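Me: Hey, can you walk me through this one? I'd like to get the overall picture and then a few details.

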Amino acid sequence: MELRETRILLLEGSMDVSFFVPVLKGLYDFNENRKYWELIPIKRVGRDVLSSPIPLIKDDLLLVIHHAGGRNNLPKALGLIIATLAYWENLPSPSVVGIVRDVDTNRDVLEWTKSILRKFSPVSDEDSLLVTLSGWRVRVLPFAIGNVKLAHPNIEEKRELELLLARLAKEESTLTRFSRSIKVLNEDKGSKLTPKDIMHVLAIAKNFSGDSLSGLYRKFVEELIRTQRDVFVDVLNESGVVDFLEKLTR
């Protein structure tokens, strides 16, 4: 089957990958296909900036996922992706690049992205930016994740991926079942728990024994899609994730 289009999703780190990959597979019917890995040129020129690519396929659309190893690396990673559009020779050159970072800043995500791309003279187009390079136009679609309300007296509402996961844990009852433990931890700490603190509570609740929390994130998302799909989709709708992924993949 001939590919119609290539798109790129650039994420902060491996934790974000462990959230978005199962969402794209479980809700949007993408499948990983390693046969395209060798054809993705950025893996050759961006090894010190980007993670190895994860190629996902749905029908004739290729979605390539990278992470930058942290927010501080996102500007360089995004600049590299835009600058290397001309290297795409054996696959359709990407037409859309989605970039995701935590909300946890007062700076508007669109303006933040625009400042990163200023040397490419980006043009604002509603909630995205258009960049033209060597005659090829790409749409950059920024998204800030973690824009949800938790309303829990013992947890700080730090707007990041983990706040979204904590909200999901609240909706599927883990926070209720462990409310006494969370309150005791809050008192021992002397301040509200962060969403990342709650991920350790979630690991205990789910009897997770892996070395990395990224495995917990993936397991938790897959479980919710399988057992409480409507609840999961409702929270993703509220947080804007569904709207972003619809624009990225449609």
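**Chat about the fold**

Me: Which way does the crossing of α1 and α10 go, left-handed or right-handed?
Reply: The crossing of those two helices, α1 and α10, is left-handed. Keep in mind that this is a predicted model.

Me: OK, and at what angle do α1 and α10 pack?
Reply: About 120°, and their axes are 13 Å apart. That angle makes α1 oblique to α10.

Me: Which residues meet there, between α1 and α10?
Reply: From α1 you have Phe-19, Val-23, Gly-26 and Leu-27, and they meet Arg-229, Phe-232, Val-233 and Leu-236 of α10. Sorted by class, the contact has six nonpolar residues, one polar and one charged.

Me: Switching topic: what order do the strands of the sheet come in?
Reply: The order is β2-β3-β4-β1-β5-β8-β7-β6. That's eight strands in an open sheet with mixed pairing.

Me: Which strands stand at the edges?
Reply: β2 (31-32) and β6 (123-125). Each has a single partner strand, so one side of each has no neighbour in the sheet.

Me: How many bridges join β2 to β3?
Reply: Two, and the strands run antiparallel. In that pair, Asn-31 stands opposite Ile-57 of β3.

Note on methods. Residues are numbered from 1 along each chain as its sequence is written. This is a predicted model: local features need pLDDT of at least 70, side-chain atom pairs count only at pLDDT 80 or more; totals for chains, interfaces and linings use all residues. Side-chain values use heavy atoms; hydrogens and water are left out. Axes are lines fitted to C-alpha atoms, for helices over the stretch in contact, and angles run from 0 to 180 degrees between N-to-C directions. Helices (H or I, at least four residues) and strands (E, at least two) are DSSP runs, numbered from the N terminus. Angles under 35 degrees count as roughly parallel, over 145 as roughly antiparallel, 65 to 115 as roughly perpendicular and the rest as oblique. A crossing is left-handed if the near helix is turned anticlockwise from the far one by less than a right angle, and right-handed if clockwise. Contact means heavy atoms within 4.5 Å. Ala, Val, Leu, Ile, Met, Phe, Trp, Tyr, Cys and Pro count as nonpolar, Asp, Glu, Lys and Arg as charged, and the others, Gly among them, as polar. Two strands pair if DSSP finds at least two bridges between them.
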